Amino acid sequence: MTTCKTAWLVLRANLGQLLAYLIGLSMLAGLLAMGVSMNFSDTDAQSFDPPRSTLAIIDRDSNGGHRFGTALRSYLKSSADIVDVQDSEMAIDDAMATQQVDVIIIVPQGYAQDFTSAAQSGGAVPALEYVGTGNGDDSTENGSESGAGSTGSTGSAGSTDNTASSQSAASALETMRISGFLDSVRMALATGTSADLDSAFDAIAQQSGTDKSRSATVSVYTPAGQQEQAAAAEASAEGSAPSRVLRGSAAAMIYAITLAVSLATIIVMTAFNDPRAVERIAVSAAKPRRVRLQLLLVCSAIGVAMWLCCLAMALGFAAARGGGLASINRASMTLTAVTMLVLCLVSVAFGFFVGEFRVSSAAANGVVNTVGLASAFLSGAWLPQWLMQGSVAAIAKCLPGWWYVDALNQAFGGGSSAIAAPHVAGWAASTALMAAFGILFVLAGLLVGRIKKR
């Protein structure tokens, strides 16, 4: 009882410094985990989100009794921002000079009739005209007024002239989409599926499953169900956000736990290793070995108290995201809590080991900071484990931090990114290896203490 009371008095004298380390660093770790989870996209549900460009469509064949320009606008509006530009040289110059648009698409006069004739006869279909910015030779004209700026053409099969290669990436993507659209229309006319352009537009819309009526709306030519899959992936990512925050914050707290718990243990050990304290223990009825074990138990209680503090902060950060704690797998939450407890006890054992060397407080602080930073950096808490080279990973596995982060990953399915049911066998193996470090630290500390006593 006297040992516990003395240890508490020593700890209380340094409580402010320890709480600053523990709470301050743990708060930073939790905020970092929340920030990462907000920008997270599951690698299993990733989809390429092309950049949106700004387009203008000038239909010089609008009086031809067809819906070509309107259908083209409907086709592109979900992947690009469509703006209106007057069909005049000055308006086109102003739009390009002020960067109101990335590219202007011009439907030449008589284009619909020429396109229909070429598609039905199997000949080369005419090209649309493009006005865009470029750094190359912009002198190509395509047989009609295009205003100012670079002009070029692209066929229905997607071929482009020298100006297409100088367009922005977003504009180049739009020309590819237009090429696919023209190919679909050409095939509908060539095979006799559609008798005219308007029916070809409707056939393409029906194939995409987004427009069943005979209207001018043409959907973006994307794989069926892609929007539903993207929405489901987004909902899944948001639903798993609390789990990601819990795992991420628990992993990022490795430095805070190692530093605060080890220093608390060393502070207590240093006080009892003072020459005057050693003399008093030597003349007392208590056996020195029993006093050491009592100190280890007291320090373990300190580690448990700090574990509860860190666990409460990690759960608080997780509760602030998505569906809160209710959306976290109970088994994963329990395994995470046990993993954090084992790390705290291992940190107690490490502090006990360092304290038995009876070094100064400054030296002990330096040792703990160095080992804590190395363990945290090589653990995979700050840099994913799969990014580490084989030689670095081999060194990292010689530290308990690696197995701590791996146990957390196993508690959420075994991957560094996916959230799934816990892999209990993998978690148990990693946790056991981490606990083995603690046992080795205790045994080594007892050996060092016995040698120092001699």
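This is a predicted model: local features need pLDDT of at least 70, side-chain atom pairs count only at pLDDT 80 or more; totals for chains, interfaces and linings use all residues.

**Entry 1: salt bridges**

I began with Asp 87, which forms a salt bridge with Arg 60; their closest N and O atoms are 3.1 Å apart. I then checked where the two partners sit. Asp 87 is in the loop between β2 (80–83) and α4, while Arg 60 is in the loop between β1 (53–59) and α3, so the bridge ties together parts that are 27 residues apart in sequence.

How many salt bridges does the structure hold? I found 2.

**Entry 2: aromatic pairs**

I turned to the rings next. The structure holds 4 aromatic pairs. I took Tyr 111 and Phe 115 as one of them: the ring centres are 5.8 Å apart and the planes are at 35°, so I logged the pair as tilted. Both residues lie in helix α5 (residues 111–121), 4 residues apart, about one turn of the helix. Are Tyr 111 and Phe 115 buried or exposed? I found both buried.

Phe 353 and Phe 357 also form an aromatic pair, this one edge-to-face, with 5.1 Å centre to centre and 85° between the planes. I put Phe 357 down as partly exposed because its relative accessibility is 34%.

**Entry 3: cores**

I asked which residues touch the most other members of the largest nonpolar core. They are Met 253, Ile 257, Met 306, Met 340 and Tyr 404, in a core of 74 residues. Helix α12 (residues 288–319) gives this core its largest share, 14 residues. Leaving out residues up to four places away in sequence, Ile 257 touches Ser 262, Cys 310, Met 340, Leu 343, Cys 344, Ser 347 and Tyr 404. I also logged another core, which lies apart from the largest one and has 28 residues, among them Ala 71, Tyr 130, Leu 182 and Val 185.

**Entry 4: helix α3**

I checked how well helix α3 (residues 68–76) is covered. Of its 9 residues, 7 are buried, so the helix is largely enclosed by the rest of the structure. I listed the buried residues of α3: Phe 68, Gly 69, Ala 71, Leu 72, Ser 74, Tyr 75 and Leu 76.

**Entry 5: backbone notes**

I looked for positive phi values outside glycine. Gln 99 has phi near 60°. I placed Gln 99 in the loop between α4 (89–97) and β3 (103–107). Gln 99 counts as exposed because its relative accessibility is 67%. Arg 358 also has a positive phi, near 60°. I placed Arg 358 in the loop between α13 (330–355) and α14. Its relative accessible area is 35%, so Arg 358 is partly exposed.

I made one note on Gly 110, found in the loop between β3 and α5. Gly 110 and Ser 62 are 48 residues apart in sequence, and their C-alpha atoms are 9.1 Å apart in space. I read 21% relative accessibility for Gly 110, so this glycine counts as partly exposed.

**Entry 6: nonpolar surface**

Which residues make the nonpolar patch of about 730 Å²? I listed Leu 32, Leu 373, Phe 377, Trp 382, Leu 383, Trp 386 and Leu 387. I looked up Phe 377 on its own. Phe 377 lies in helix α14 (residues 361–379). Its relative accessible area is 46%, so I recorded Phe 377 as partly exposed.

Note on methods:
Residues are numbered from 1 along each chain as its sequence is written. Side-chain values use heavy atoms; hydrogens and water are left out. Patches are made of residues with over 30% relative accessible area and no salt bridge: like charges are joined within 9 Å, nonpolar side chains (Val, Leu, Ile, Met, Phe, Trp, Tyr) within 5 Å. Accessible areas come from the Shrake-Rupley method with a 1.4 Å probe; for residues, only the protein chains shown count as cover. A salt bridge is a side-chain nitrogen of Lys or Arg within 4 Å of a carboxyl oxygen of Asp or Glu. Helices (H or I, at least four residues) and strands (E, at least two) are DSSP runs, numbered from the N terminus. Buried means under 20% relative accessible area, exposed over 50%, partly exposed in between (1.4 Å probe, protein chains only). Rings of Phe, Tyr and Trp (its six-membered ring) pair if their centres lie within 6.5 Å; planes under 30 degrees apart count as stacked, over 60 as edge-to-face and the rest as tilted. A nonpolar core is a set of buried Ala, Val, Leu, Ile, Met, Phe, Trp, Tyr and Cys residues joined through side-chain atoms within 4.5 Å. Contact means heavy atoms within 4.5 Å.
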